[in-house]
Amino acid sequence: MPHSCGHDIHTSALLLCARILSTLEQPRRGRVILLFQPAEETGQGSKAVIDSGLLERYPPDLVLGAHCWPDLPAGSVGLRVGSFMAASDTLHIRVKGKGGHGAHPHKSIDPVVTAAYIITQLQSIVSRSIDPLESVVITIGTLSAGTVTNVIPDEVQMGGTVRIANGHMQPLVEERIRTICHSCAQAMGAECEVNYVHGMPALDCDAQAVSILERAAKAQLGEKRVAFLPRPSMGSEDFARYLTLAPGAMFRIGTANQSDQSRLPLHNAHIIFDEEAITTGAALFCRAAMDYLN
């Protein structure tokens with residue numbers, strides 16, 4: 001089953017960018033460093049690059065990145081100033097009760113019912129603790145409890161993802177998650193362990209970096225092929241870590257054409273990316289880099 005996020009498109013675009021840059025006159029100042037995407041989907045790729053010391057030896061003044069986007073037509077790019085992609089944290093919850101026979105629940109402490117209350121109450125964070133104009137998503141994606149139908153298990157384990165568009169909201173969201181989990185468990189006579197793992201930071205695009213991309217894109221692709229995205233994505237991207245070291249921005253590369261398969265969402269195994277995205281990405285990378293350095 002393919003991963004279907006377009007990383008082969010990204011790699012090909014950057015390789016083509018390297019080939020083009022090698023044929024051009026050297027810029028009047030600076031150098032261009034090309035960074036590929038090791039282990040991006042695990043959230044550890046950019047961390048490994050940073051930990052290697054590469055960006056200490058060659059401190060960047062500007063960082064640019066790109067990602068495929070089937071909501072835009074091939075040959076076009078999407079830009080956005082400010083909030084671009086969400087912070088991503090991981091949640092592991094363990095509810096401990098007291099197992100027993102399903103026919104005699106009063107002799108047990110049911111962790112399944114407790115977990116159900118926790119799951120529903122976690123959704124109240126978004127609706128009642130967060131400013132309605134802010135974007136937060138709390139999704140429980142795994143749930144494991146019991147082995148047979150007529151036995152109340154001793155514990156329930158569940159896991160999920162927390163996406164936060166504004167990174168400043170992370171402490172509040174984490175505090176509310178912990179409070180709800182422990183309070184619900186206490187009310188039901190159970191115990192609860194919460195492991196909240198901080199992941200990728202929110203991705204915010206620097207206004208000056210977006211301006212550089214906008215000028216380069218309009219010059220290279222034409223004004224009609226440059227779109228400004230109306231809202232951020234609640235997906236996350238480990239490119240965000242680079243932006244904690246230097247100003248920069250990410251842009252979307254359109255991959256859709258007349259085929260319905262090209263318009264399927266990312267991570268769908270049947271999506272087919274329009275390969276014009278390779279030349280589009282390479283052209284904008286090259287033009288933006290040379291404009292900035294010259």
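Q: Where is K224?
A: K224 lies in the loop between α6 (207–221) and β11 (226–228). This is a predicted model, and the values below are computed from it.

Q: Is K224 buried or exposed?
A: K224 is exposed, because its relative accessible area is 86% and the cut-off for exposed is over 50%.

Q: And how far is K224 from E41?
A: Between their C-alpha atoms there are 32 Å in space, and along the sequence the two are 183 residues apart.

Q: Let me step back. How many helices and strands does the protein chain have?
A: The protein chain has seven helices and 12 strands.

Q: What box do its C-alpha atoms fill?
A: Taken along the principal axes, the C-alpha atoms of the protein chain fill a box of roughly 80 × 40 × 35 Å.

Q: What share of the residues is buried?
A: Of the 294 residues in the protein chain, 43% are buried.

Q: And the contacts, what part comes from residues 24 or more positions apart?
A: Such residues account for 81% of the contacts with a separation of 6 or more in the protein chain.

Q: OK, on to helix α4. How many residues does α4 have, and what does it reach from end to end?
A: There are 19 residues in α4, and from the first C-alpha to the last it reaches 26 Å. That is close to the 27 Å expected at 1.5 Å a residue.

Q: What happens at the start of α4?
A: A side-chain oxygen of D110 comes to within 2.8 Å of the backbone nitrogen of V112 there.

Q: Which residues of α4 are buried?
A: The buried ones in α4 are P111, T114, A115, I118, L122 and I125.

Q: Why would residues three or four places apart point the same way?
A: An α-helix has 3.6 residues a turn, so residues with that spacing point the same way.

Q: What covers the buried residues of α4?
A: The cover includes strands β4 (87–96), β6 (136–145), β7 (151–152), β8 (155–164) and β9 (191–200), along with helix α5.

Q: Tell me about α5 then. How do the axes of α4 and α5 cross?
A: The axes of α4 (residues 111–129) and α5 (residues 170–187) cross at roughly 145° and come within 9 Å. The crossing is right-handed.

Q: Which residues make the contact?
A: From α4 the contact is made by T114, Y117, I118, Q121, L122, S124, I125 and S129. From α5 it is made by L172, V173, R176, I177, I180, C181, C184 and A185.

Q: How exposed is Y117?
A: Y117 counts as partly exposed, at 45% relative accessibility.

Q: What does the side chain of S108 reach?
A: The S108 side chain reaches the backbone oxygen of G99 at 3.5 Å. Leaving aside neighbours within four places in sequence, S108 is in contact with K98, G99, G100, H101 and I152.

Q: New topic: N195. Which strand is it in?
A: N195 lies in strand β9. At 42% relative accessibility, N195 is partly exposed.

Q: Which residues is N195 in contact with?
A: Apart from neighbours within four places in sequence, N195 is in contact with T90, L91 and H92.

Q: And V49, where is that?
A: V49 is in helix α2 (residues 45–51), and with a relative accessible area of 13% V49 is buried.

Q: What does V49 touch?
A: V49 touches L35, P38, L54 and Y242, again not counting residues up to four places away in sequence.

Q: Last one. What is the phi of H267?
A: H267 has a positive phi of about 75°, although it is not a glycine. H267 lies in the loop between β12 (248–256) and α7 (276–293), and it is partly exposed, with a relative accessible area of 44%.

Methods. Residues numbered from 1 in each chain as written. Predicted model: local features only at pLDDT ≥ 70, side-chain atom pairs only at ≥ 80, totals over all residues. Heavy atoms only, no water. Axes fitted to C-alpha atoms, helices over the stretch in contact; angles between N-to-C directions. Helix = DSSP H or I, 4+ residues; strand = E, 2+ residues; numbered from the N terminus. Left-handed = near helix turned anticlockwise from the far one by under 90°. Contact = heavy atoms within 4.5 Å. Expected span 1.5 Å × (residues − 1). Buried < 20%, exposed > 50% of the residue type's maximum accessible area, 1.4 Å probe, protein only. Polar contact = N/O pair within 3.5 Å; in protein donor to acceptor, adjacent residues only side chain to side chain.
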